[in-house]
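Here is a friendly walk through a protein model and its two ligands. Have the sequence and the coordinates open beside you as you read.

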Amino acid sequence: MSQPILLLNCGSSSIKYQLLDPSQPGPQAVGIVQRIGQDMSTIDHEVGGSEYHEDIRFADHTEAVAAVVKMFVEHGPDLDSVVAVGHRTVHGGSTFVESVRIDDAVIAKLEELSDLAPLHNPPAIAGIRAAQEVLPDVPHVAIFDTAFFSTLPAEAYTYAIDAELAEQYGIRKYGFHGTSHSYVSKKAAEFLERPLTELKTIVCHLGNGASISAVDGGVAIDTSMGLTPLQGLVMGTRSGDVDPGLPKYLNVAARMSVSEVDTMLNKKSGMAGMCGYSDMRDIKTQIEEGNEQAQLALDVYVHRLVGYIGSYIAILGGVDALVFTAGVGENADHVRGPVIRRLEALGFELDESANLVRSKEPRDISTPGSKVRVLVIPTNEELAMAEETLEVIGAEF
Ligand SMILES: Nc1ncnc2c1ncn2[C@@H]1O[C@H](COP(=O)(O)OP(=O)(O)O)[C@@H](O)[C@H]1O
Ligand SMILES: CC(=O)OP(=O)(O)O
Ligand SMILES: [Mg+2]
């Protein structure tokens, strides 16, 4: 019996979606809306071997979700037989450590958590509301980015701040992109034909948002994002790590409010802040055209990443595989190349021509002599979300 599930993955700059039927191989439809909120957005919808593309500006995720629904209406498949919808929901806080069926109380809690994920929970809530309007009679399930990191040891998730304050306000490292880090670390073990339980893996999820995790035997032991998805690596528009003294300094020196500083760090920093471009494709073009600011921005991005990789090798006590995934990790050889070259002293050796190969398949881009396997593994958050959705609705049937 056909039981398609609709999966909506609202990222900060994109919406990825799939219609998946667990009884069928491969998705029935797959699509992506990109560059939401930028000068021009795109939507690509793929069904039964046909591809549909439109260039339209979507100011926000509500407009983008409406366009996704329109694609289904115009080009199919019919959404009438959908049995459930799975939504990527970034911040679960301490309330949600596993996937849940969405009701009004869940939405209210997600709204409360919006302050902690201002670029993510509001789009996810917009996606949930829009999808509930189109498909009011089926269960909607929230799958949390934070869930995979609920295993972090206390020494990794505790901030060195006033313990009572931390307890009262739930201040700790939560970690994000967990569905992807979990999926990709399992895929790495499969690709290497080694038991997950014996593998030390570092996963670099480099998209518009970016995070890195240390996974020991399938269990996450550290990750770069924190209380919010702002901490850690350099991202498209987010600063990642800065001196915690910065808000106070800007408050005094530039008379910026806390909220202005927060907006600056989330939306006007990272690659966009340093060189005016948030998209690694544009940054590549700019560097080729001699833009020195773009080159500096890439150098900062690579420097930060190399530092985290070195730190996670130390925390893991060694590493078997370093994995690149998500938009930048899967596609940007001009990011992977400089990172691996700088890790040569630690036994990493890049196969330069393998690094340039374009593919949607998992692949090894290290030389046979490299002490660490360097892999590119396309993430598939939607497939992992489908499994979660089935588990939640299965338990309720
Ligand atoms: N062909 C490519 N070359 C370089 N970078 C790319 C390419 N395709 C996508 N990207 C990068 O991937 C990013 C989007 O990654 P993605 O994982 O889809 O992000 P998110 O889920 O956070 O919206 C874009 O901002 C762009 O920088
Ligand atoms: C949590 C996060 O940063 O997600 P995204 O990469 O989709 O923006
Ligand atoms: Mg993403």
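In which sense do strand E1 and strand E6 pair, parallel or antiparallel? E1 (residues 5-10) and E6 (residues 84-89) run parallel, joined over four bridges.

## Ground rules

This is a predicted model, in which local features need pLDDT of at least 70 and side-chain atom pairs count only at pLDDT 80 or more, while totals for chains, interfaces and linings use all residues. Residues are numbered from 1 along each chain as its sequence is written, and chains are lettered from A and ligands numbered from 1 in the order in which they are written.

Helices (H or I, at least four residues) and strands (E, at least two) are DSSP runs, numbered from the N terminus. Two strands pair if DSSP finds at least two bridges between them.

## Two open sheets

E1 and E6 belong to an open sheet of eight strands with mixed pairing, in the order E5-E4-E3-E2-E1-E6-E8-E7. At its edges are strand E5 (50-56) and strand E7 (100-101), each pairing on one side only.

E11 runs antiparallel to strand E10 (residues 210-216), with four bridges between them.

## A closer look at Thr223

Thr223 lies in strand E11, and the bridge partner of Ser213 there is Thr223. Is Thr223 buried or exposed? Thr223 is buried, because 30 other C-beta atoms lie within 10 Å (buried takes 20 or more such atoms within 10 Å, exposed 12 or fewer, partly exposed in between, with C-beta atoms placed from the backbone).

Leaving aside neighbours within four places in sequence, Thr223 is in contact with Phe149, Gly175, Ser211, Ile212 and Ser213. Contact here requires C-beta atoms, placed from the backbone, within 7 Å.

## Helix H11

Helix H11 (residues 292-316) has 25 residues and spans 36 Å from first C-alpha to last, close to the 36 Å expected; the expected span is 1.5 Å times one less than the number of residues. Among its buried residues are Leu298, Tyr301, Leu305, Tyr308 and Tyr312. Just after H11, Gly317 adopts a positive phi of about 70°.

## Domains and ligands

The protein is divided into domain 1 (5-144) and domain 2 (193-239 + 270-381), with bounds from an automatic or database domain assignment. Their centres, taken over C-alpha atoms, are 26 Å apart. Ten residues of domain 1 are in contact with eight residues of domain 2.

Ligand 1 lies between the two domains, because both give residues to its shell. Of the 16 residues around ligand 1, Gly11, Gly207, Asn208, Met280 and Gly327 come nearest (a residue is near if its C-beta atom, placed from the backbone, lies within 6 Å). Helix H10 (280-288) and helix H12 (326-331) each give two or more residues, and H12 gives the most, with four. The shell divides into four nonpolar, 10 polar and two charged residues; Ala, Val, Leu, Ile, Met, Phe, Trp, Tyr, Cys and Pro count as nonpolar, Asp, Glu, Lys and Arg as charged, and the others, Gly among them, as polar.

Around ligand 2 are residues including Gly11, Ser12, His120, Asp145, Phe176 and Asn208. Its shell has three nonpolar, seven polar and one charged residues, and draws at least three residues from each domain.

Note on methods: Two residues are in contact if their C-beta atoms, placed from the backbone, lie within 7 Å.
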